[in-house]
Amino acid sequence: MNALVKTICTFVTSSIGRKIIVALTGLCLVLFLAGHLAGNLLIFGGPEWINTYAHGLHSMPEAALWGIRAGLAVIFIIHVWLTIQLKLENHAAREPYVFKNTIKATLSSRYMIYTGLTVLVFLIYHLYQYTLRVGYDPAQFTTFISDGTVETFDVYKMIVTGFSNVWCSAFYILAVLMLFSHLRHGVQSIFQTVGVDSRKIRPFYNFIAIAYGAIICLGFISVPVSVLLGIIK
Amino acid sequence: MAKTLNLTLKVWRQENREAKGRIETYAAKDIPVDASFLEMLDIVNEGLVKEGKEPIHFDHDCREGICGMCSLTINGIPHGPERQVTTCQLHMRKFKDGDTVWIEPFRAKAFPILRDLMVDRSALDRIIAAGGYIDVRTGSAPNANNIAVEKVKADAAFDAAACIGCGACVASCKNASAMLFTSAKIAHLNLLPQGQPERSKRVLAMMKQMEAEGFGNCTNQYECEAACPKGISVDNIARLNRDFMRANAKEGLCF
Amino acid sequence: MINFPVSDWMPDAKIPSGPIQDKWSKYKLESKLINPNNKRKYTVLVVGSGLAGASAAATLAELGYNVKCFCYQDSPRRAHSIAAQGGINAAKNYQNDGDSVYRLFYDTVKGGDFRAREANVYRLAEVSSNIIDQCVAQGVPFGREYGGLLDNRSFGGAQLKRTFYARGQTGQQLLLGAYQALEKEVAKGHIEMFSRHEMMDLVLVDGEAKGIVTRNLVTGEIKSYAGDTVLLCTGGYGNVFFLSTNAMGCNVTAAYKAYKRGAFFANPCFTQIHPTCIPVKGDYQSKLTLMSESLRNSGRIWVPKSRETAEKIRKKEIKPSDVPEEERDYYLERKYPSFGNLAPRDISSRAAKEACDDGRGVAVTGKGVFLDFADEIKRMGREWIDGQYGNLFDMYEEITDDDPHETPMMIYPASHYTMGGLWVDYNLMSNVKGLHVLGEANFSDHGANRLGASALMQGLSDGYFVIPATLPAYLTTTKPGAVTTAAPEFKAAEDEVKERINKLLNVKGTKTVDSFHRELGLIMWEDCGMARTEESLTHAIERIPQLRKEFWENVRVTGTADGINAELEKACRVADFLEFAQLLCYDALNRQESCGAHFRVEYQLPDGEAKRNDDEYAYVAAWEYTGVDSLPVLHKEPLTFENVHLAIRSYK
Ligand SMILES: Cc1cc2nc3c(=O)[nH]c(=O)nc-3n(C[C@H](O)[C@H](O)[C@H](O)COP(=O)(O)OP(=O)(O)OC[C@H]3O[C@@H](n4cnc5c(N)ncnc54)[C@H](O)[C@@H]3O)c2cc1C
Ligand code: HEM
Ligand code: HEM
Ligand code: SF4
Ligand code: F3S
Ligand code: FES
């Protein structure tokens with residue numbers, strides 16, 4: 001047991017160990033995003049669909065809901081904490097060049113921390129807006145689903161209202177573009193970090209990363225864009 | 001007469017470890033295109049010495065791309081713009097007349113500058129000392145052909161063993177990580193049957209040393225692979241990550 | 001001709017008695033042992049971290065000795081052994097083609113043109129097999145066959161496949177094995193490693209080698225280290241020719257300083273010129289690059305038959321491929337039908353020089369011959385060629401901008417290896433007690449010419465297997481730790497070093513160190529290179545002291561003594577080359593015969609082959625220092641050949 005605890009301690013403080021944790025937490029976030037996008041796209045099915053979905057989520061037992069949220073938050077915090085820590089170390093290890101140049105490292109790989117931090121800022125705002133629903137008085141955002149039998153919060157209206165603000169939409173779009181960059185490097189990077197990468201298969205992972213990033217990015221952008229264009233109202 | 005070039009050099013000069021460095025400008029005149037980059041510096045230095053000035057100091061020895069002693073970051077790229085060659089093998093025909101060439105040392109916190117373009121890369125030796133070997137006492141070896149090695153593995157081990165320990169990977173990595181170097185040595189030894197007994201110990205000890213030396217962490221940017229004069233592949237880093245997990249599992253769970 | 005003072009006295013080579021195949025086992029059986037607990041009381045100073053130095057340091061540390069190891073590079077892994085491309089010989093007979101210890105011994109003695117010591121060569125051949133075992137166990141990735149077992153190639157004129165190789169990086173991989181073993185002992189605290197330290201002098205106390213004076217190349221500090229014995233593993237002196245295949249820092253300083261302190265320098269004129277190097281391009285050139293000899297397995301060497309055609313090629317009026325077959329002279333195939341393009345190094349080199357001297361050379365300077373792969377590409381296909389030589393072709397193209405697939409390579413001989421070195425006995429100890437010399441720095445095993453793939457073998461044999469067994473012979477005669485740097489000899493030696501450095505810095509002349517080195521190299525190459533005559537040697541012997549005088553009056557060494565100063569490092573080395581070169585020429589002048597790589601134009605057979613004079617020169621010429629400006633004293637160690645009979649070396 002002692003050996004195990006010791007190993008775990010050294011693992012989670014080691015360079016590779018922390019990288020692996022970043023990759024695994026990143027993977028969880030990647031999966032969450034896929035689910036979240038699927039949920040969001042229900043908006044194109046009309047108010048009924050998305051509100052039913054949101055209601056369904058909220059009718060989970062409190063404990064489960066908060067359990068999932070807490071899990072997500074922990075994963076997120078670990079991801080952010082470790083990446084910031086690694087970044088600080090990396091920064092300290094480098095002596096800057098007067099003449100800077102790069103052969104191969106992609107922009108997205110070099111700006112991970114900045115794209116990540118943008119997403120972080122976005123998320124704080126996002127939670128403030130849509131999860132805490134600050135500024136959306138429940139009294140004005142009530143609707144009925146299941147053929148008018150169930151009363152619930154009108155997520156559809158909230159989103160339409162929110163994205164009707166051009167600045168709000170612009171920020172979302174910007175953040176999601178940053179997220180694309182983050183995923184473009186992040187997703188293929190997971191494979192390398194956990195050691196299932198090789199020269200031969202790398203192009204395939206790159207394809208997955210770009211395809212996944214593009215789907216997520218276009219998917220999320222489609223919502224504010226549709227609102228602004230009046231496709232969803 | 002062979003063609004010649006005139007270049008402007010922007011060179012990092014620094015008297016010693018503690019001194020503050022700066023970029024200085026030199027004119028390199030009538031450089032034969034067939035000269036190597038270091039021979040170009042020789043010519044410039046010969047001129048400086050004749051004027052009684054201190055020549056530009058740089059590390060070099062074999063001048064044929066194998067000892068790993070030459071360094072130099074040329075226009076921001078360790079070992080210069082050509083792929084898979086060391087600075088000593090880089091030839092001036094790759095430059096154009098009138099070019100401005102920036103020459104800086106291999107920079108990293110773990111590579112303190114000793115003078116001008118010379119840096120201290122002994123951290124790499126210490127990583128090897130931590131476990132980059134197979135502990136076999138002289139005289140205790142079995143007959144060489146008692147150990148058969150699968151050709152694919154032997155080849156992969158060789159690809160990794162080709163590392164010349166120059167440190168360009170560190171110099172090029174935005175995080176100044178020594179993962180490519182460390183992973184290459186680990187891959188070389190861990191792929192071979194002879195290397196199995198110390199496999200876990202080696203991975204853990206060498207990684208620990210790499211961290212202690214103040215190198216950065218790898219974030220999979222693959223710049224190192226592109227800068228490496230020997231084309232060492234980042235596949236070795238993936239291998240190392242895998243081996244690291246394996247070693248921890250072994251260690252922690254006493255498999 | 002100069003009449004050199006000759007001494008009758010010659011130190012005992014301590015060769016064990018008995019039949020040759022029993023000498024080494026008998027020696028080991030009878031040798032004294034040191035109790036493991038006592039071993040750590042002995043401090044061994046190992047200067048050099050090449051194959052010889054690193055393997056010795058690692059092995060001695062494993063045995064329990066306290067080792068201090070020095071090298072001038074920034075890491076022991078960068079010693080020039082790293083540059084060896086071709087391979088390492090061993091009498092394993094894994095190919096079942098009839099190899100044996102005896103045959104390797106025989107080939108080496110014959111290859112050395114009967115100027116090596118039989119007993120040493122036999123031991124080398126005997127130990128060769130253990131080296132491969134040791135290296136494989138360390139993880140050296142030798143070439144393998146699909147069955148997973150080791151592969152061999154034939155190399156450097158051998159008619160057997162006995163060469164083990166690691167792609168084109170055999171030296172690197174072997175050195176990494178030894179270096180890793182060394183670092184392992186560094187980590188254990190058994191070896192203290194001093195990189196970027198240059199040995200500046202040897203210190204004798206009561207006539208025995210007990211320490212060295214070093215210059216810390218980073219801080220400039222002059223410091224002494226004391227030990228119970230000193231091992232010089234400092235490599236060869238090929239850079240006396242300025243342009244050579246050696247690394248820029250290779251030097252004679254350590255060996256020469258030992259010579260000045262009384263150690264005999266043996267056969268300095270045995271210098272090997274390698275036939276396949278990339279020709280010189282211009283006077284800015286700093287070194288020559290070797291193209292692996294293995295290329296000769298597939299390339300055909302030729303020059304045009306007529307001078308006019310050669311002239312046109314030099315002026316680039318016609319391309320090599322424009323020369324029709326009947327106008328080409330495949331001179332090696334013509335002169336040596338059975339060995340052809342694979343004739344030994346000295347023979348191939350000389351033949352190239354002859355062709356070029358005849359005005360039929362092809363590089364811009366007229367000093368180059370073709371190595372043509374066209375036929376082999378036609379026969380085996382481009383892919384096969386690339387599989388075999390891809391890296392070498394790339395390297396050639398990188399340097400010359402010519403693609404060897406399209407146009408033949410151009411090659412020319414260059415100084416490569418030095419068979420001469422400090423004289424040692426069977427224990428690898430020089431006549432100065434306590435001073436052991438290993439690897440290329442000693443003279444012992446290659447006679448007048450080294451066979452390809454034998455130097456790596458010798459370095460590792462000396463370090464891994466010989467010195468660990470022979471060192472106790474000396475150590476048991478000394479009290480461990482008896483001498484410390486407090487002995488006045490250390491201070492005196494340090495002062496001498498400092499004074500010399502001061503002197504160099506204060507000449508403040510007008511010419512650079514490199515220009516002197518270049519000039520010396522030119523003299524040596526022209527007058528004491530591939531073909532030597534009494535006249536050329538006499539000329540060199542006149543010129544060298546003049547150049548040396550000019551050096552001390554007009555050299556410009558910038559900077560100061562404290563801190564990194566590359567000009568000063570070079571100046572110290574060149575100052576020694578300027579003295580040593582003279583000794584080399586003396587030796588060449590004294591040896592009035594041709595043998596192996598030493599070719600005296602006056603002594604040749606009617607067909608131009610080397611003409612040995614066994615009656616008068618079957619000896620090792622061991623020179624004793626008497627002063628910079630006085631003639632050295634010649635000591636002769638007679639060579640007897642009981643097992644390989646003296647014969648004319650013929651490769652026809
Ligand atoms: C290009 C090339 C290719 C070759 N190919 C082959 C081949 O295929 N097969 C083969 O068998 N042989 C080959 N050789 C020959 C062989 O490589 C060398 O003879 C052999 O490696 C010498 O080993 P060494 O240990 O004696 O010396 P080196 O490896 O030269 O080591 C010398 C050591 O001494 C140190 N040193 C020197 N002077 C000082 C000083 N003053 N103070 C402190 N330290 C000092 C250096 O730092 C270095 O560590 C080749 C040689 C060359 C140049
Ligand atoms: C939904 C949100 C996020 C997702 C899906 C996500 C996903 C990922 C993934 C998959 C990786 C690759 C891990 C690896 O290297 O193998 C990664 C790395 C990284 N993430 Fe995030 N991340 C998110 C949010 C953030 C945030 C908010 C930050 C802010 C600090 C951040 C900073 C980083 C950094 C700096 C890396 C680089 C680490 C590395 O490559 O080693 N991420 N992320
Ligand atoms: C246009 C795009 C998006 C829309 C319309 C959207 C919409 C929403 C809505 C409506 C909620 C509240 C769900 C509820 O509590 O009922 C929510 C929660 C959340 N969203 Fe988004 N979102 C978008 C993009 C993103 C992105 C890009 C991220 C991640 C980087 C993200 C992360 C989250 C998180 C973490 C929650 C909290 C989940 C919880 O409450 O458990 N969202 N989003
Ligand atoms: S991995 Fe490549 S760049 Fe790094 S030290 Fe080795 S050879 Fe140099
Ligand atoms: S460039 Fe640096 S980030 Fe990793 S893949 Fe190479 S060590
Ligand atoms: S000087 Fe040896 S690799 Fe460049």
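Mentor: Please bear in mind that this is a predicted model. One may begin with the area that two chains lose on being put together. Here chain C and chain B bury about 6,100 Å² between them, with 53% of that area on carbon and sulfur atoms.

Trainee: How many residues does the contact take from chain C and from chain B?

Mentor: Chain B gives 73 residues to the contact, and chain C gives 76. There are 2 pairs of chains in contact, and the pair of B and C shares the most contacts. Chain A and chain C, by contrast, are joined by no contact; their closest C-alpha atoms are 20 Å apart.

Trainee: What is the count of salt bridges between chain C and chain B?

Mentor: A salt bridge requires a side-chain nitrogen of Lys or Arg within 4 Å of a carboxyl oxygen of Asp or Glu. The count for chain C and chain B is 9. One of the residues that form a salt bridge is Arg196(C), whose partner is Asp59(B), with 2.8 Å between the closest N and O atoms.

Trainee: Which elements give two or more residues to the side of chain C that touches chain B?

Mentor: Among them are α3 (51-63), α5 (118-138), α6 (170-188) and α17 (566-590) of chain C. The largest share, 9 residues, comes from α6(C). By residue class, the side of chain C that touches chain B divides into 27 nonpolar, 27 polar and 22 charged residues.

Notes:
Residues are numbered from 1 along each chain as its sequence is written. Chains are lettered from A and ligands numbered from 1 in the order in which they are written. This is a predicted model: local features need pLDDT of at least 70, side-chain atom pairs count only at pLDDT 80 or more; totals for chains, interfaces and linings use all residues. Side-chain values use heavy atoms; hydrogens and water are left out. Contact means heavy atoms within 4.5 Å. Buried area is the accessible area (1.4 Å probe) that two parts lose on being put together, summed over both. Helices (H or I, at least four residues) and strands (E, at least two) are DSSP runs, numbered from the N terminus. Ala, Val, Leu, Ile, Met, Phe, Trp, Tyr, Cys and Pro count as nonpolar, Asp, Glu, Lys and Arg as charged, and the others, Gly among them, as polar.
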